[in-house]
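Subject: Structure handover

Hi,

Here is the structure for you to take over. My notes follow below it.

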Amino acid sequence: MSTEHWDERFDVVVVGSGAGGMTAALRAQTEGLSTVLLEKSDRYGGTSAVSGGGIWIPCNDQIAELGESDSYEEALTYLRYLTGGEVPESRIEAYLRNAPEMVRALAADSGIHYRAVHKYPDYFPDKPGGKPGFRTMEPAAFDAAQLGDAFWQQREPFAGTQLMGRVSMDQVEAHTLFTRGKGWFLLTLKMMGRYWSDLRWRLKTRRDRRLTLGQAMVAALRHGLDARGVPIRLNNALVGLIEENGRVVGVEVDSPEGRKRLRAERGVVLATGGFESNQQMREQYLPQPTRAEWTAAPYGLNEGEGIRAGQALGAGTAFMNLTWGTPTAHMPDEAPQPGLFVERALPGCMLVNGNGQRFCNEAGPYTEVIYAMYRDHEKSGCTVPAWFVFDATFRKKYPAGPTLPGSIQPDRKLPKKWWDKVIYKADSLSELAAKIGIDAQGLAQSVERMNRYSRLGVDAEFGKGVNVFDRYYSDPTVKPNPCLGPLEKGPFYALRVDAGEIGTKGGLTTDERARVLREDDGQPIAGLYAVGNCSAAVMGRTYAGPGSTLGPAMTFAYIAAREMAAEGGAQRKAA
């Protein structure tokens, strides 16, 4: 591209307004670099705004304060085991050494605070170096009124992450409510009372003023950016990167005022997310079958622009065949689809294929469930989609996909258009099997085995309920295994389950300094950095624990900002 004309000049241009992009912009400005943040949509926050907002931070300062322990060696052992040598150890070490520092810096410089969630386990707590809690941190609740008019430009949360579709709850509150833990009913009354008594805010909007989860994360970062005067440009879509003499020096964007060229003296940070909304890229890279409509991420948002822009300059890629997979409930003509995060761990349900056979530990990490779906599909040809099957007891007590517990949302209150398209119901298992088109004998056999396992408390096939992660969203009132319950009371129900995701894992290859690397020689492309889901995941094909997407995104954004500031100092010394 021609570089004869520049519309504006900055030290740093950040593309993408999720947690990674916002952290990069905030930290670059804190380092004394003039910065602009670009977002292609009319809302800031990206997928981070609709996420759980957690960040996975081994050795965070609060672990010792809460009387527990962690060590760099344990965390390194854990990630070495999970990544299996597929991720350069220099990147893993950079993440582990800088993540706690990033959390401290955000708190000290911008007043952005997190708390360790003591009961939220790693996803593989029984593996070497795994922990039963404390490594995951969640953002402190944030008062939306502090943002002023900027709040109305923040991407709205998904209804499924809120009580009754509108009342904010943090991770600890959600766990208490979903598992009906001690005091859950009084907590519900307290949360509803707080929401409805906020009369001034209720006159403005049904959105909750108390922001939690990803909403709190994004709001706190936006507040920090506003305090430091960082401009955020909405409706600015990346067209391409501008390169001079082998160095990226700016970006070209489509803006409301037309095509613009923005100079970046120190560097461009790509934080544009993955490619889950790009059907062509899904077909090119992901296991088949795959559909963009199956995603649990904001539909139509992440289309791989940053990845393609890097590839156009010769950047390498890795893990393009992988996703941060999660099973999603099939919702025809509605997107995004709700992810099945909680209900799979509860007793009285099963995931089965078209032969009526179970194929995985339903309570396992959601990425592992998607891997299991595709492995079984290769054998059976009938596991994508799969089916989530449960009985009347489960329906009354627990949520399932888009439905609330029947005690709160009985069948007569469900939208009529959902029946036999979203949720299926029949008086017997054989009738249900016929309705959803799966093998009735296979389903009956699977139910018989599950009922036997429930009485014994041991899942002899897949080990459901074997560790503290499986049991995190279980029902502690059910014995002997809180994840196992019989399916014996009709009517029986089913949801179609698609192979969805919260984002794709594959992206541009980067080094321990977040610099994008060339495909041909593995050397950095000067002036170009990538963080978040447009970069190849430091977690490789695995998912270490809650917050393993956002934690690395923010940590490598922190590293990138520091690198760009340091590079400027080195240039001044050389001059």
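R80 is partly exposed, because its relative accessible area is 40%. Its partner is E89: the two side chains meet in a salt bridge, 2.6 Å from N to O. E89 is partly exposed too, with a relative accessible area of 30%. Please keep in mind that this is a predicted model.

**Salt bridges**

The structure holds 44 salt bridges. A few deserve a look.

D459 pairs with R358, and the closest N and O atoms are 2.8 Å apart. This pair links distant parts of the chain. D459 is in the loop between α14 and β17, while R358 is in the loop between β14 and α11 (366-380). They are 101 residues apart. Buried or exposed? For D459 the relative accessible area is 5%, so D459 is buried. R358 comes out at 6%, so R358 counts as buried.

D498 and R496 also form a salt bridge, at 2.9 Å from N to O. D498 has 0% relative accessibility and therefore counts as buried.

Salt bridges link R115, E138, D170, E173 and R210.

**R263**

R263 sits in strand β11, residues 258-270. Its relative accessible area is 14%, and the cut-off for buried is under 20%. R263 is therefore buried. What does R263 touch? Leaving out residues up to four places away in sequence, the contacts are W6, E8, R9, F10, V13, E244, V249 and G250.

**Nonpolar cores**

The largest nonpolar core has 117 residues. I55, L79, Y95, F388 and F390 have the most contacts inside it. Helix α15 (residues 550-574) gives the most to this core, with 10 residues. A second, separate core has 28 residues, among them V36, L38, M320 and L528.

L79 has its own contact list. Not counting residues up to four places away in sequence, L79 touches W56, I92, Y95, L96, M539 and A544.

**Aromatic pairs**

The structure holds 24 aromatic pairs. In W56 and Y78 the ring centres are 5.9 Å apart and the planes are at 45°, so the pair is tilted. W56 is in strand β3 and Y78 in helix α3 (residues 72-83), 22 residues apart. W56 has 0% relative accessibility, so W56 counts as buried. The value for Y78 is 0%, so Y78 counts as buried.

Y123 and F469 form another tilted pair, with 4.7 Å centre to centre and 55° between the planes. Y123 lies in the loop between β4 (114-116) and β5 (136-139), and F469 in the loop between α14 and β17, so the pair ties together parts that are 346 residues apart in sequence. Y123 is buried, with a relative accessible area of 3%. F469 is buried, with a relative accessible area of 11%. Which cluster holds Y123 and F469? One aromatic cluster is formed by Y123, W324, F341, Y366, F469 and Y543.

**Backbone points to check**

Two cis peptide bonds are worth noting. One joins A335 and P336, with omega about 0°. P336 is in the loop between β13 (323-329) and β14 (349-352). Another runs from G490 to P491, with omega near 0°. P491 is in the loop between α14 (440-456) and β17 (492-504).

Next, positive phi values. C59 is not a glycine, yet its phi is about 60°. C59 is found in the loop between β3 (55-56) and α2 (61-65). Its relative accessibility is 25%, so C59 counts as partly exposed.

M164 is also a residue other than glycine with a positive phi, near 55°. The place of M164 is the loop between β6 (142-143) and α5 (171-178). M164 has 44% relative accessibility, so M164 counts as partly exposed.

**Surface patch**

M164 turns up again here. With L404 and I408, M164 makes a nonpolar surface patch of about 260 Å². L404 is in the loop between α12 (392-397) and β16 (423-426). L404 has 32% relative accessibility, so L404 counts as partly exposed.

Best wishes

Technical notes:
Residues numbered from 1 in each chain as written. Predicted model: local features only at pLDDT ≥ 70, side-chain atom pairs only at ≥ 80, totals over all residues. Heavy atoms only, no water. Core = buried A, V, L, I, M, F, W, Y, C linked by side-chain atoms within 4.5 Å. Buried < 20%, exposed > 50% of the residue type's maximum accessible area, 1.4 Å probe, protein only. Helix = DSSP H or I, 4+ residues; strand = E, 2+ residues; numbered from the N terminus. Contact = heavy atoms within 4.5 Å. Patch = residues over 30% accessible without salt bridge, like charges linked within 9 Å, V, L, I, M, F, W, Y side chains within 5 Å. Areas by Shrake-Rupley, 256 points an atom, 1.4 Å probe, with all protein chains shown as cover. Salt bridge = Lys/Arg side-chain N within 4 Å of Asp/Glu carboxyl O. Phe/Tyr/Trp six-rings, centres within 6.5 Å; stacked < 30°, edge-to-face > 60°.
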